[in-house]
Amino acid sequence: MDSWGHAPGTAGMGRRRFLGYVLAASTLTVAAELGEAVLAPDEAAAVVPSVPGPAEIYDLNDMLTDAALPTANLITIRIDSDGTASFALPRAEVGQGITTSSAMLIAEELELPLERIRVTLADARPELLFNQLTGGSNTTISTFTPIRVAAAVARGRLLRAAALELGEALDTLTAKAGVITSSASGRSVTYGELAGKAASVTTSQVAVALKEATHFEVIGTAQRRIDAREAVTGRKTFAMDLQIPDALPTMVCRPPTINGTVRSVENLTEVRAMPGVTDVVAVSTGVAVRGRTFGQCIDAVRALKVSWGPGTADAQSDDTVRDELRRAELPLPALDLLTKSVDARFTFHFASNSALETNCAIADVRDGSAEIWGSLKSPIVAREQIALKLGLPVSAVKVHVTEGGGSFGRKLFHDAAAEAAEISKAMGKPVKLMWHRTDDFRQGRTHPMATSRVRATYALGQVLAYDQRHTSVATDFGHGVGEIITAQAARLPVGDLTFSETIFALSQQTPYNFGVVTQVLGETDKGFNTGSMRNIYSPNVRCAQELVVDELAKRMGKDPYRFRREFLKEERARAVLDKVADVGEWGRSMPAGTAQGIALHPEYHAYVAVLAEIDCRPETTGRTVRDAYTGPRVTKVVCAVDVGLAVNPRGLEAQMMGGIMDGIAITLSSGLHLDNGHFLEGSWDNYFYTRQWNTPPELEIVVMPPTTGQPGGAGELAVAGAAAAVACAYGRATGSMPTSFPLNHAGPLGFEPLPTTPPIPASPTDGLERTF
């Protein structure tokens, strides 16, 4: 019998079989190789009456998964002599919980307790090609089968080694909790005792069959994060916690406008003589200061007198960028005189994807070599581009991936790592670089400003066409899909728009049968530091679409929930929509000035529906501690999520909660104000992200039962759904469809902007304590 009760050679016949490797090593080391069946996508069914869009047939996640398959056999699991399993995950853990879900996959197939599985983050490995990119909610999807195959190979190898060690027939052995026991004699042996004996001196190929879902004991169960204790006790190790010899604190005095340059430094000698300061050098991004403490670095940065050259967005403001976007909007089809239409234009302002952990990295660049430490979601690109910048062969550069305190797309870029390497080379010393919080807000990556022009035509109770022209400040995809070739291609004069169009087409879809559907992207200004903030285009595109859906329902005299239900293409979408309507008591009586909103979002083989309740009454709106913001408050959210197979439902709930808070923020309060080439916001105390005052007192997440045998994307799923539901609730509460986001953007700032020079707060009372 095998470890879950099936006789070898018979139980696996009805299951898909996979090939894996036992690698030559001193202790048991295994890897996955996937069969051709995995490479063949399921046949897509035709959808009528709307022709399926590209993302409904083959989406961005499919592309990332297929790109990772050829190098799956290079990802290994090792069984150590202490009975633990070690796995270097070629992805970045930035709080999303993938180290836990990966450990669960190993635990399931290897029959080993979670606490005996060690998951670390792999250094940059160029040989993995596209298989070390963390993005697009793809980690669990792309590693689900390879990790399980490798673990199953290890279990099979250990069983065979135990049969030889115990002198027992293989079909009498079972594996459980890291111990293999014979049902015939009762004798047992541990994985640790077998680790060396199960090892191989040559690499060989073996066939395995994976567990059926009906036999899962770990996958699909709610598990605590394996790093939870370290997180709550402050023991997790981030880049700034590393003690690298001679790597001293380093900060940069940055220009007052976006991407400004250094012309000259008036008092270089005086600043170099300041207490604790060891080095001051001009670099491409500003003037770098290295000191004994970060406080001394801040003092030196404040003291610098720099003459700055122009930036890439000088004289630009919200109004000028919005005007440019509107001029660049692609035309909509002509109207048919026999139809009616909903026409709307939506504006989405710049937003910051600054994570709680600011941009930071450690670099030690010596003659002929370089070593980098940082939280990097595309470490191969970082290693290759840093090597190119330093004039070193790739083999001479080591890049270590550390855990990150959040990302939201920010850590797809290695700005801090490249800057640290440049500074270390210029100084000839190791540096521990940290961006000030104000640096992140004013010079860091932002979600680009965009407009969405929508027209939906209807007649005789049917929606005949839906057209959307999304126009955006260019999104930088300079990280490519994980390696330098696509990274460089994404920045070519023609290739950049082609790359963006591809990402847009593979990520945007319409879940409704709305006749002829077109969704097209246009791009403008490339002078801003942008990035793929969580969900890329989806929060803006979906928010606009769901608001138009509400307006269509209103004009056609139908309830918004039932209108959506009538036009939905997929039963899985209908199920999550029905669930939130039921649990959230859709249609219940509510006071004037309050309302419910409902929205749906499909993405990466998963579906989410969100019901939000909002209070827009002036006498009950929420406020910050400083009374700087007064606005609508979300009082209740119900979210139903179907990701096919949820590996860790508890982790999925956490992902949905975080996405909901993001969605509330970008709809109501979190945006950047661009004025004369720089952003006015300079820290969290004047960037109104969702906080306690606007966290819904009632929040319920419903994880739907498994609908497929494979996991879908979850990391970004709830953001767009929540943003749209909150916007729809606001529209119904006020009686007017909102068209500009965040909703508070046009009102008073509610804060006094920090000075642009120097861009670091000048006293401990104006936000300095909150920057680290």
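Start by selecting F441: this residue is buried, with a relative accessible area of 0%. Buried means under 20% relative accessible area, exposed over 50%, and partly exposed in between, with a 1.4 Å probe and protein chains only.

Before moving on, note that this is a predicted model, where local features need pLDDT of at least 70, side-chain atom pairs count only at pLDDT 80 or more, and totals for chains, interfaces and linings use all residues. Residues are numbered from 1 along each chain as its sequence is written, and side-chain values use heavy atoms, with hydrogens and water left out.

**Aromatic pairs**

F441 and W684 form an edge-to-face aromatic pair, 5.2 Å centre to centre, with 85° between the planes. Rings of Phe, Tyr and Trp (its six-membered ring) pair if their centres lie within 6.5 Å; planes under 30 degrees apart count as stacked, over 60 as edge-to-face and the rest as tilted. F441 lies in helix 13 (residues 437-443) and W684 in the loop between strand 31 (678-679) and strand 32 (698-703), so the pair ties together parts that are 243 residues apart in sequence. Helices (H or I, at least four residues) and strands (E, at least two) are DSSP runs, numbered from the N terminus.

Next, select Y466, Y512, F514, F563 and F567. Ring pairs link these residues into a cluster. The count of aromatic pairs comes to 16.

**Charges over rings**

Select R254 and W435. The charged end of R254 sits over the W435 ring, 4.0 Å from its centre. The rule asks for NZ of Lys or CZ of Arg within 6 Å of the ring centre and within 35 degrees of the ring normal. Then go to R445, which lies over the face of F413 at 3.7 Å from the ring centre.

Show the strands in the order 24-23-22-15-33: they make an open sheet with mixed pairing. Two strands pair if DSSP finds at least two bridges between them. Strand 24 (516-523) and strand 33 (740-741) stand at the edges, each with a single partner strand, so one side of each has no neighbour in the sheet. Strand 15 (residues 340-348) and strand 22 (residues 450-459) run antiparallel, joined by 9 bridges. Pick out D343, which stands opposite R455 in strand 22.

Strand 1 (residues 17-23) and strand 9 run antiparallel, with 6 bridges between them. Here V22 stands opposite S204 in strand 9.

Which residues does V153 touch, leaving aside its neighbours within four places in sequence? V153 is in contact (heavy atoms within 4.5 Å) with G20, Y21, V22, V30, A31, V206 and V208. V153 belongs to helix 5 (residues 139-166), and is buried at a relative accessible area of 2%.

**Two packed helices**

Finish with helix 16 (residues 538-555) and helix 20 (residues 717-734), which pack at an angle of about 35° with their axes 8 Å apart. Axes are lines fitted to C-alpha atoms, for helices over the stretch in contact, and angles run from 0 to 180 degrees between N-to-C directions. Among the contact residues are R542 and E546 of helix 16 and A723 and A727 of helix 20.
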